[in-house]
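Let us walk through this structure step by step. Keep the sequence and the model in view as you read.

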Amino acid sequence: MEKSALIFRGCYDNHHFCLAILFSFLFCTLFLSFRAPNKALTFKHLNPATTTDPCFGRYVYIHQLPSRFNDDLLHNCHTLTRGTDKPNMCPYMQNMGLGPQILTSQGVLTNNTWYATNQFLLEVIFHNRMTKYACLTNDSSVASAIFVPFYAGLDVSRFLWLSNLTHRDSSGRDLLQWLANRPEWKKMWGRDHFLISGRIAWDFRRQRDEESYWGSKFRFLPESMNMSMLAVEASSWNNDYAIPYPTSFHPSDDTQVLQWQKKIRHQKRPYLFTFTGAPRPELEGSIRGKIIDQCRASSVCKFVDCSYGVERCDDPVNVIKVFRSSVFCLQPQGDSYTRRSIFDSMLAGCIPVFFHPGTAYSQYKWHLPRNRTGYSVYIPVKDVKQWNTSVEEVLLGISESEVLAMREEVIKVIPNIIYADPRSKLDFFEDAFDLAVKGMLERIEKVREATRRGRDPSIGFADEDHYKYTFSQSYS
């Protein structure tokens, strides 16, 4: 009270002093009023829920599709065998798509976490993981993304070898017609919708309506062009995104991940490098023939011939046993840019050696480190006929300290490239599913932000990137 009285008396005795205080107050008020709108804009888009709701910006709504687009395919699993090397695909439907559990491995694997997983069942595994996602919502109006549980790869596998193009395209057309009639579609005209394929994205991008051209044209249909697809290999179009092939390791808790990492960290590796695969003499430009020749001529290379009937390369025990015994694993292109072996070998702590940027670097950007030299070796092959690099000499030129650092980086990446058991969850680690959903949510939010800023969200959304798989300066 003493201070207030003194100030009041000072103003009373000296009106110039009082006026100075008054004008100062008015100036500060005006100054802050001009600055206040910027502050208000900063918080304008922040919903009060953002500070209390851990799922804000992460909600996903799952479409309840007619069963012909998913469950019926599993019930009629005997129709899915064509195009695989399996006499019967039905056993791989077990354990929510993980396949039969591997009960004995002669100490090669860890217990209770390994399954004979078929890569085409990724659609089922992902769907089952999504049903356990922490931020699901039944209210599509609050969803940041809409998941479409269409088993696209399983469906098209029944028709890929048929000459009738109508059969190849029919399910995709019917699905898109169903989606376009749903109220959720009109919210962003499908640009918040995404789906998953256990096949490569190229299988859905038939360039022409001619019987000799491969695949369906699902991804070229107008509504599909507004959606995003996750696939084990992306195409060169911007609305296709690559996520890891499923391996056979499906842990149910963090401890099992740590145990496996510890096991392979101290593994003895008698082979300098390994190639597991089959020659591709029918593919012009394939480097596999030269790689196999070099491996066979080397005393420090292990070649596992996956030609039909030679060795069982679909047996996870055999595959991991070889990869865990090797320092480096060669990963040339397969029938397409990518191959499952990339992830099987990294799972075993084997450092991958790539020969083309489209095999990994321009594919799995959400799951593999940006610093490619930290976890892999790159030996570019631009022209097979002129290529005469000695793989053995290149690998022998890498110091022991570099090898140890690269292997540790590979082991560190393991959680990123595995799919945890859908019946449980990891607490500490983010797995391939978690990173895929996170990446998709970020992608959709960028589209929303473009719309908020008044830009056309279709610009660039589904454009083709002609340089995605070329030997650019980044991958020279």
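Predicted model: local features only at pLDDT ≥ 70, side-chain atom pairs only at ≥ 80, totals over all residues.

Start with an open sheet of five parallel-paired strands, in the order 1-2-3-4-5. Its edge strands are strand 1 (60-62) and strand 5 (240-242), and each pairs on one side only. From one strand to the next, the twist averages 30 degrees. Helix 16 packs on this sheet and touches strand 1, strand 2 (145-147), strand 3, strand 4 and strand 5. The direction of helix 16 makes about 160 degrees with that of strand 4.

Residues are numbered from 1 along each chain as its sequence is written, and side-chain values use heavy atoms, with hydrogens and water left out. Helices (H or I, at least four residues) and strands (E, at least two) are DSSP runs, numbered from the N terminus. Two strands pair if DSSP finds at least two bridges between them. Contact means heavy atoms within 4.5 Å. Axes are lines fitted to C-alpha atoms, for helices over the stretch in contact, and angles run from 0 to 180 degrees between N-to-C directions.

Strand 3 (residues 193-197) and strand 4 (residues 228-231) run parallel and are joined by four bridges. Phe194 stands opposite Ser228 in strand 4.

Strand 6 (residues 271-277) runs parallel to strand 8 (residues 326-331), with three bridges between them. Tyr271 faces Ser326 of strand 8, and Thr274 has Cys329 as its bridge partner there. Strand 6 also pairs with strand 7, in the parallel sense, over five bridges. Here Thr276 stands opposite Val304.

How many of the seven residues of strand 6 are buried? Six are, which leaves the strand mostly covered. Buried means under 20% relative accessible area, exposed over 50%, and partly exposed in between (1.4 Å probe, protein chains only).

Why is helix 12 largely enclosed by the rest of the structure? Because six of its eight residues are buried. They are Pro316, Val317, Val319, Ile320, Val322 and Phe323. Their cover includes helix 10 (254-265), strand 6, strand 7, strand 8 and helix 13 (341-347).

Val410 lies in helix 15. This residue is buried, with a relative accessible area of 0%. Leaving aside neighbours within four places in sequence, Val410 is in contact with Met346, Gly349, Cys350, Ile351, Pro352 and Tyr375. Gly374 is 36 residues from Val410 in sequence, yet 8.6 Å away in space, C-alpha to C-alpha.

Next come the spaces between atoms. On a 1 Å grid over the protein atoms alone, a cavity is a set of points where a 1.4 Å probe fits but cannot get out. A pocket is an open set with protein on both sides within 12 Å along at least five of seven lines, and lining residues have an atom within 4 Å of a point. Grid points are joined across faces, edges and corners, and a volume is the space filled by probe spheres set on the points.

There are two cavities of 30 Å³ or more. The largest cavity has a volume of about 40 Å³. Its lining is made up of Phe150, Ala152, Asp155, Val156, Arg168, Gly172, Phe204, Ser216 and Phe218. Helix 6 gives the largest share of that lining, three residues.

The second largest pocket has a volume of about 980 Å³. Of its 33 lining residues, the closest to its centre are Phe56, Gly57, Arg58, Tyr59 and Leu441. Helix 16 (residues 432-452) gives the most to this lining, with ten residues.
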